[in-house]
Amino acid sequence: MQTDYDPRFIEAEAQRYWEDNQSFKAIEDPSREKFYCLSMFPYPSGRLHMGHVRNYTIGDVIARYQRMLGKNVLQPMGWDAFGLPAENAAIQHGIPPSQWTTSNIAYMKGQLQQLGFGYDWERELATCDPDYYRWEQWLFTRLMDKGLAYRSHATVNWDPVDQTVLANEQVIDGKGWRSGAPVEKREIAQWFVRITDYAQELLDALDGLDGWPERVRTMQRNWIGRSEGVSMDFGIAGSDAVLGIYTTRPDTVMGVTYVAVAAEHPLARRAAETNPELAAFIDACRQGGTSEAEIETIEKKGHRLDIKAIHPITGEPLPIFAANFVLMGYGTGAVMAVPAHDQRDWEFAERYGIPKKAVIRSTDASPCGIESGAYTEQGILFDSGPFDGMEFAQAFEAIADWLSEHGKGGKTVNFRLRDWGVARQRYWGCPLPVVHTADGGVRAETDLPVRLPEDVIVDGSGSPLKHMPEFSELPGGETRETDTFDTFFESSWYYARYCSADCDTAMLDERANYWLPVDQYVGGIEHAVLHLLYARFFHKLMRDEGLVDCDEPFAKLLTQGMVVAETWYREGADGRKQWFNPAEVEVERDDKGKVVGAKLVSDAQPVSFGGIEKMSKSKNNGVDPQTLTERYGADTVRLYTMFTSPPDQSLEWNDEGVEGAFRFIRRLWALAVGEAELIRSAPAPLDLDEAARNARRELHAMLKKALFDYERQQFNTVVSACMSMINCLYKLDQSPGRAAVLREGVSLVLRLLGPIAPHVTHHLWQTLGFGDDILVSVWPQVDASALVQDRIEYVVQINGKVRGSVAVAIDADRDTVQAAALANDQIYKFVGDAAIRKVILVPRKLLNIVL
């Protein structure tokens with residue numbers, strides 16, 4: 001057994017063993033309890049960052065732990081390979097996106113393997129592989145047949161430079177996140193999937209996801225946004241047409257003083273045909289994004305139309321304004337405005353001199369004036385005709401009933417969720433399986449997969465597919481759709497394809513029902529809404545197609561915290577900040593660790609502290625996992641990321657902590673090497689002397705806590721318990737039972753650390769003669785008898801001052817403890833010939849002798 005700890009040799013040896021023995025190959029076995037552990041797959045950007053390492057280490061620890069519990073574990077890995085970054089990199093390097101992506105996948109796969117993650121690589125997939133995306137194309141054609149996929153015109157965020165639709169999240173301060181060009185609102189034909197048909201089910205099912213963080217479930221509830229309100233029809237003066245609106249505050253309807261419509265609304269467009277000023281206003285509204293968040297913060301502007309709306313109850317004519325704060329894609333594109341009881345409406349009315357009519361007063365006679373702002377609380381109706389004196393709930397029902405009886409509306413359930421626009425005007429994505437027929441219709445493609453041409457150079461001037469007749473032109477005057485799927489489409493079902501990765505006859509086969517749902521999903525909180533919601537929706541689509549028999553894709557969800565680190569910068573004359581990596585900075589701290597000064601190592605000039613933030617390229621505060629692995633070994637990197645904080649909390653990077661993790665592994669190694677012969681030949685822990693029994697009791701007490709912490713996924717305290725156990729083993733005296741306790745203690749530590757630091761524990765398990773493969777060892781269990789104490793130590797006080805301690809049988813009575821104390825020379829000298837007035841015993845803790 002080599003004396004020095006050499007992680008490079010040990011880790012290569014362990015990884016060879018796992019590969020030769022196919023240790024992580026998952027095979028369906030109905031006789032065994034399965035466990036499907038999955039971490040969100042990465043985008044192949046080129047190199048792993050510490051966020052990846054932490055995410056995948058957490059998943060691997062859980063998977064190895066479940067494997068050691070005896071379960072049949074599946075832990076796969078793949079690549080979320082389509083997307084805009086590959087196009088941008090291809091433009092920069094002058095190579096096809098496919099070449100850039102394939103090269104990155106190969107490199108990053110090597111990094112993952114070097115870190116010892118226990119993946120079943122036979123199930124590896126990449127979303128850019130036609131063997132993968134052909135099946136989502138097939139499912140889309142089925143959705144077209146069912147009417148769940150449809151084509152419609154929609155107002156979108158359009159980047160005029162990148163020539164593509166942008167998601168709301170990609171519009172930053174009104175500009176495209178990549179090009180920086182001012183974003184326009186544009187109405188184009190888009191493909192949608194009817195996620196709204198599943199809105200109620202998606203909402204209801206959240207209550208059953210007990211294994212998900214409540215924060216994520218709340219975010220999804222808010223995103224789905226179910227509300228109960230009233231729909232009503234305002235008339236249009238001089239026309240039989242109506243203007244539908246939806247409100248959750250029907251109690252304020254008698255206070256409506258104007259109606260607002262989106263700039264893209266048909267009413268506004270028609271009015272603009274003869275009104276140049278209105279046309280100019282509508283054109284100006286096309287600038288900026290379409291998100292609710294952006295609309296909330298813009299300056300509210302409008303333009304009066306030359307038509308009137310008719311109040312559905314009073315018949316009063318009301319002005320109609322085209323307004324930039326109304327979105328055509330939300331609701332009906334029209335809202336009733338109540339300036340007295342809605343702050344946005346109040347501000348708009350102030351700007352355009354529109355009357356405000358109060359119709360709600362407080363229930364407790366508190367002030368509710370509207371001179372300086374809207375009164376937005378619920379209360380009692382007044383100046384509301386037949387509804388006067390009613391409170392909110394009663395008025396809600398009465399107004400809804402009135403509208404229903406008069407054929408002008410009624411109670412309605414509404415959802416904030418909108419149908420999913422799945423088309424993107426990009427090249428590097430899965431082609432939509434749609435054909436435009438010669439007569440102007442559309443049909444589903446039948447010859448699948450529709451392969452994306454891969455030997456293509458992208459120049460940034462829109463999708464090259466639009467300029468490739470060999471791709472788009474078909475016989476008979478038909479043309480192929482050149483849009484590609486939103487990349488969330490690929491990532492919404494990859495977890496299921498892992499179960500049937502080699503199936504070439506169907507999207508999924510019967511193996512999916514063995515493995516699904518995923519028992520443990522691990523990923524960042526930033527995916528709480530879009531990816532996780534779309535995956536839940538996709539799962540229900542597959543269920544309704546008969547592909548899976550469960551309702552939800554992920555039983556438990558762990559959202560790991562971010563990896564954060566210090567940031568350092570200098571501000572230039574132009575106000576721009578230049579960021580320096582923490583490794584380039586020498587920091588001076590006070591006794592409490594607070595920063596008191598810092599300078600750049602290269603020029604000894606001061607730099608400023610920018611706070612502790614998420615590791616990122618933009619702040620230059622990242623740490624290269626490859627460098628760390630080569631210096632310390634994968635086990636040290638894994639151990640550090642698990643020990644520093646609980647998985648669901650942020651990890652604040654500290655180089656000294658990495659050194660500490662490395663020292664601990666070497667300490668474990670030194671103990672094992674130094675005592676190897678004794679450990680190999682040690683007997684079972686029977687008939688132990690008192691010192692050995694005490695040490696064994698301490699070990700099993702720590703084991704009990706560590707096992708509990710594994711169950712609740714608090715791996716930082718598992719590592720802490722292992723460190724304490726090693727300290728205990730180092731302190732063992734030369735008692736007759738030392739060898740037995742040492743052997744048992746080391747075996748417990750190795751198994752507890754096995755999922756976290758798998759290479760060194762694999763090597764030591766074999767070398768010390770415990771077995772060939774720690775992965776198939778029996779998971780440690782607490783020996784209840786080891787925790788039983790037959791003796792206990794009492795603190796002894798004389799007149800309230802501690803004078804010593806004595807060990808007695810655990811069931812000793814007061815007289816026995818007193819006798820033992822007085823028989824102790826160190827204690828008796830404080831008693832001497834004095835008379836004992838009283839003896840106080842606190843059971844199992846303290847004896848106080850009062851003289």
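Author: A residue counts as buried when its relative accessible area is under 20%, and as exposed when that area is over 50%. The model discussed here is a predicted one.

Reader: Is Phe 82 buried or exposed?
Author: Phe 82 lies in the loop between β3 (78–79) and α3 (84–93). Because its relative accessibility is 2%, and the cut-off for burial is under 20%, Phe 82 counts as buried.

Reader: How are the ring planes of Phe 82 and Tyr 133 arranged, stacked or tilted?
Author: The two rings have their centres 5.8 Å apart, and their planes meet at 40 degrees. Tyr 133, which sits in helix α5 (residues 130–146) and is 51 residues away from Phe 82, is buried as well, at 0% relative accessibility. Since planes under 30 degrees apart count as stacked and those over 60 as edge-to-face, the angle of 40 degrees makes this pair tilted.

Reader: How are the ring planes of Tyr 132 and Trp 493 arranged, stacked or tilted?
Author: This pair also joins distant parts of the chain, with Tyr 132 in helix α5 and Trp 493 in the loop between α14 (488–491) and α15 (494–497), 361 residues apart. Tyr 132 is buried at a relative accessible area of 3%, and Trp 493 is buried at 0%. The ring centres are 4.4 Å apart and the planes lie at 15 degrees, which is under the 30 degrees cut-off, so the pair is stacked.

Reader: How many aromatic pairs does the count come to?
Author: Rings of Phe, Tyr and Trp pair if their centres lie within 6.5 Å. Some ring pairs join into a cluster, and its members include Phe 140, Trp 191, Trp 420 and Tyr 534. By the ring-centre rule, the number of aromatic pairs is 43.

Reader: Are helices α2 and α19 roughly parallel or perpendicular to each other?
Author: Helix α2 (residues 50–68) and helix α19 (residues 634–643) pack with their axes 10 Å apart, at an angle of about 90 degrees. Their contact involves, among others, Val 53, Ile 58 and Arg 64 of α2 together with Val 637 and Arg 638 of α19, and its residues divide into 6 nonpolar, 2 polar and 4 charged. Because angles of 65 to 115 degrees fall in one class, α2 and α19 are roughly perpendicular.

Reader: Which residue of helix α19 that meets helix α2 is also touched by Arg 64?
Author: Arg 64 is found in helix α2 and counts as buried, at 2% relative accessibility. Leaving out residues up to four places away in sequence, Arg 64 touches several others, including Trp 18, Phe 24, Pro 755 and Leu 775.

Reader: Are helices α22 and α23 roughly parallel or antiparallel to each other?
Author: Helix α22 (residues 690–711) and helix α23 (residues 715–730) have their axes 8 Å apart and pack at an angle of about 170 degrees. Leu 699, Met 702 and Leu 703 are among the α22 residues that meet α23, whose own side includes Phe 715, Val 718 and Leu 729, and the contact divides into 12 nonpolar, 2 polar and 3 charged residues. Because an angle over 145 degrees decides the class, α22 and α23 are roughly antiparallel.

Notes
Residues are numbered from 1 along each chain as its sequence is written. This is a predicted model: local features need pLDDT of at least 70, side-chain atom pairs count only at pLDDT 80 or more; totals for chains, interfaces and linings use all residues. Side-chain values use heavy atoms; hydrogens and water are left out. Axes are lines fitted to C-alpha atoms, for helices over the stretch in contact, and angles run from 0 to 180 degrees between N-to-C directions. Helices (H or I, at least four residues) and strands (E, at least two) are DSSP runs, numbered from the N terminus. Angles under 35 degrees count as roughly parallel, over 145 as roughly antiparallel, 65 to 115 as roughly perpendicular and the rest as oblique. Contact means heavy atoms within 4.5 Å. Ala, Val, Leu, Ile, Met, Phe, Trp, Tyr, Cys and Pro count as nonpolar, Asp, Glu, Lys and Arg as charged, and the others, Gly among them, as polar. Rings of Phe, Tyr and Trp (its six-membered ring) pair if their centres lie within 6.5 Å; planes under 30 degrees apart count as stacked, over 60 as edge-to-face and the rest as tilted. Buried means under 20% relative accessible area, exposed over 50%, partly exposed in between (1.4 Å probe, protein chains only).
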